[in-house]
Structure formats: C-alpha cells, structure tokens
Amino acid sequence: MFQLRIYTLRSSEALQRYATVHWARHLATFEEFGVTTHGVWTERGAGANRLVTMIGYPPGAEPERVARDVMNSPQFAADMAGFDVGEIIDVQTIFLEPTSFTPIHQTSGGAT
C-alpha cells in the first residue's frame with residue numbers, strides 16, 4: 001500500500017528546515033520499520049509551504065499501526081529534535097493502490 005502525505009507548514013523557513021533536516025532524517029527511521037520512501041517534494045508556488053511525500057508500506061502491514069509505532073519510537077523523537085511541531089499546521093494522507101500499468105509496484109521487499 002502506498003500513501004501520499006501532504007504537510008502544510010506555517011512558513012517557507014519552517015518548510016525548508018522540516019524538509020532538509022527533519023524529514024530527511026525520517027528516511028532511515030522509516031526503513032527500520034519497513035516503510036519505503038519513494039519521493040519527497042516541496043510544492044512550488046506563491047505562498048505554498050507544502051511538503052509532499054510518497055511512502056510505501058510492506059504488504060500486509062496495517063498503516064495506522066506502523067505509523068503509530070514509528071511516531072512513538074525514540075528514532076522518530078530524535079528525527080524531530082529541535083523542530084517545533086506547531087509549525088506543521090495540516091497533514092493530509094491519501095492511500096493509493098497502483099494500477100497494473102503504474103511503474104511503481106509494491107513487493108515483499110519494498111517497491112520496484
């Protein structure tokens with residue numbers, strides 16, 4: 001299962017710091033929990049302070065449980081050290097199932 005996550009941040013400065021420092025740290029943490037990061041983007045445009053990510057969960061995983069385990073881990077706490085989570089003003093999540101012709105497909109070891 002894939003998930004698109006869209007984070008809206010309070011300012012362009014908070015977006016820059018969250019993207020380049022804190023979310024970048026999540027890559028290793030997510031991997032420890034079997035979560036694959038397929039991409040991380042910042043939205044361009046006037047006043048857009050959004051970070052967009054696409055992650056993949058292992059087959060059979062319960063995304064809510066995995067997300068809870070990640071967020072309660074000491075690794076995640078270390079990832080977020082020094083960042084005021086109040087700077088994140090909205091998070092949207094969308095679960096995605098790939099079509100048969102999509103280049104990215106879920107496998108037992110992540111994505112191909």
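Guide: Strands (E, at least two residues) and helices (H or I, at least four) are DSSP runs, numbered from the N terminus. It's a predicted model, so local features need pLDDT of at least 70 and side-chain atom pairs pLDDT 80 or more, while totals for chains, interfaces and linings use all residues. Residues are numbered from 1 along each chain as its sequence is written, and side-chain values use heavy atoms, with hydrogens and water left out.

Visitor: Got it. In what order do the strands sit in the sheet?

Guide: The order is E2-E3-E1-E4, in an open sheet of four strands with antiparallel pairing. E2 (36-42) and E4 are the edge strands, each pairing on one side only. On average, neighbouring strands are turned by 15° against each other, direction ignored.

Visitor: How many bridges join E1 to E4?

Guide: Eight, and the two run antiparallel. In that pairing, leucine 4 stands opposite isoleucine 94 in E4.

Visitor: And which residues face each other where E3 comes in?

Guide: Threonine 8 stands opposite arginine 50 in E3, and phenylalanine 2 stands opposite glycine 56 in E3. E1 and E3 (residues 50-56) pair in the antiparallel sense over seven bridges. On the E2 side, six bridges join E2 to E3, also antiparallel, with valine 40 opposite threonine 53.

Visitor: How many residues of E1 are buried?

Guide: Seven of its eight, so mostly covered, where buried means under 20% relative accessible area, exposed over 50% and partly exposed in between (1.4 Å probe, protein chains only). E3 is mostly covered as well, with six of its seven residues buried.

Visitor: Back to phenylalanine 2: why does it count as buried?

Guide: Because its relative accessible area is 3%. Phenylalanine 2 is in strand E1. Its C-alpha atom is separated by 23 Å from that of asparagine 49, 47 residues apart along the chain.

Visitor: Switching to helices, what does H1 lie across?

Guide: H1 lies across E1, E2, E3 and E4, running at about 10° to E3. Those angles run from 0 to 180 degrees between N-to-C directions, with axes fitted to C-alpha atoms, for helices over the stretch in contact.

Visitor: Pocket time: how much space lies in the largest pocket?

Guide: About 250 Å³. The volume is the space filled by probe spheres set on grid points, joined across faces, edges and corners. A pocket is an open set of points on a 1 Å grid over the protein atoms alone where a 1.4 Å probe fits, with protein on both sides within 12 Å along at least five of seven lines; lining residues have an atom within 4 Å of a point.

Visitor: Which residues are closest to its centre?

Guide: Of the 17 lining residues, Arg5, Tyr7, Phe30, Met71 and Phe76. Strand E1 (2-9), helix H1 (12-32), helix H2 (63-71), helix H3 (74-80) and strand E4 (88-96) are the elements that each give two or more residues to the lining. H2 gives the largest share, four residues.

Visitor: What's the lining like by class?

Guide: 15 nonpolar, one polar and one charged. Nonpolar here covers Ala, Val, Leu, Ile, Met, Phe, Trp, Tyr, Cys and Pro; charged is Asp, Glu, Lys and Arg; the others, Gly among them, are polar.

Notes: Two strands pair if DSSP finds at least two bridges between them. Contact means heavy atoms within 4.5 Å.
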